[in-house]
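Me: Please show me the model. I want to go through its ligand sites.

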Amino acid sequence: MSHPTRVTLVEVGPRDGLQNESAPVSAADKIELVRRLAAAGLKEIEAASFVSPKWVPQMATSAEVMAGVPRGNGVRYSALAPNMKGLQGVLEAKADEVVVFASASEAFSRRNINCSIEESIERFAPVVQGALEAGLKVRGAVSCAVGCPFQGEVAPGEVERVVVALKAIGVQHMGIADTIGVGTPLRVRAALERALAHYPLHQVSGHFHDTYGQALANILASLELGVHVFDASVAGLGGCPYAPGATGNVATEDVVYMLHGMGIDTGVDLDALIEAGQWICERIGREPASRVSRAKAASRRVAGRAG
Ligand code: HMG
Ligand code: MG
């Protein structure tokens, strides 16, 4: 079985990870997290989300965060925008990429962005156009690509319908998202194949939450299709405030460990990444969900006792 020799990781911890924290995380801590992630070698960081602060209060500091992140270091920053007001925030923040997020499930679309799938595409059209005119890259995310917390199973055809609609309005890259982490390898592959029918390989990525512990298996199955761009969240932070019960994205540390173990280059320094994850977890009073981070911490404790 051949696999890509290099994988691009999009670190979504500062956005997808922290958006779900109920206690406010200061902008200074978010900026420091981004600084540490960049120093660990991550070149694509989703750092902000210009959504309604009434809907996701944790992201209200996005402008401040974007004003403080390190620049000129080869890192590309992306940020979410659900409408034109969001695009305005993204442009003012000088992000490199805007993310528009649609859903393959009607029920989730209504809960997450308060409109139908069709209305969301209409709303995104001027956002995409404005972003492209401003020279930004536009990434699309299709949530609930295998399952929905309100509707249950989602068929590949429903994913393809949204992929086609997003492509028609000019979205350049298609992220297939298992929002609630229910996907298993063959189902995730079936969803990705619907995106690959319309986008070239390098413009398709996987965004897998790890609720059911399937995310690494799903990444491996995606690699076997040749997909080589994945979102991941440091320390496995996060979830979606509008997807009850969903846990965070696959932990970046675990993905890096697996890929390096397979001889696949990521450009990421695993030790520095683990330290970044442990640092933010201390700040927010959590244990890292990353198995690799926990295993390394345990082996350090054992080594400490032996020494
Ligand atoms: P709405 O209530 O229908 O919007 O929400 P509205 O246009 O009626 O506006 C309501 C209020 O929000 C107004 O303020 C607007 O100005 C304000 P008021 O007049 O009441 O004071 N507002 C905004 N403020 C700041 N920035 C904005 C903005 N837009 C309106 N951009 C809306 C519709 C889309 C705004 C809302 O539903 C929303 O913000 N939803 C975001 C939900 C969200 O962020 N979910 C998590 C991210 S998606 C995700 O995690 C999935 C992903 O990871 C992939 C996966 O795993 O599936 C990407
Ligand atoms: Mg997500």
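Reply: Questions and answers on the two ligand sites follow. This is a predicted model, where local features need pLDDT of at least 70, side-chain atom pairs count only at pLDDT 80 or more, and totals for chains, interfaces and linings use all residues. Residues are numbered from 1 along each chain as its sequence is written, chains are lettered from A and ligands numbered from 1 in written order, and side-chain values use heavy atoms, without hydrogens and water.

Me: How many residues surround ligand 1?

Reply: A residue counts as near if one of its heavy atoms lies within 4 Å. Lys54, Asn83, Asn114, Ser143 and Thr179 are the closest. The shell count is 27 residues.

Me: Which side chain has an N or O atom 2.4 Å from an oxygen atom of ligand 1?

Reply: Polar contacts here are pairs of N or O atoms within 3.5 Å. Phe50 uses a backbone N or O atom, 2.8 Å from a ligand 1 nitrogen. The Thr179 side chain has an N or O atom 2.5 Å from a ligand 1 oxygen. The 2.4 Å pair belongs to Lys54.

Me: Which residues coordinate the magnesium ion (ligand 2)?

Reply: Donors are N, O and S atoms within 2.8 Å of the metal (3.2 Å for Na, K and Ca); water is not among the atoms, so sites may look incomplete. Donor distances run from 2.1 to 2.3 Å. The spacing along the chain is D-x190-H-x1-H. The donors are Asp16 (OD), His207 (NE2) and His209 (NE2).

Methods:
Polar contact = N/O pair within 3.5 Å; in protein donor to acceptor, adjacent residues only side chain to side chain.
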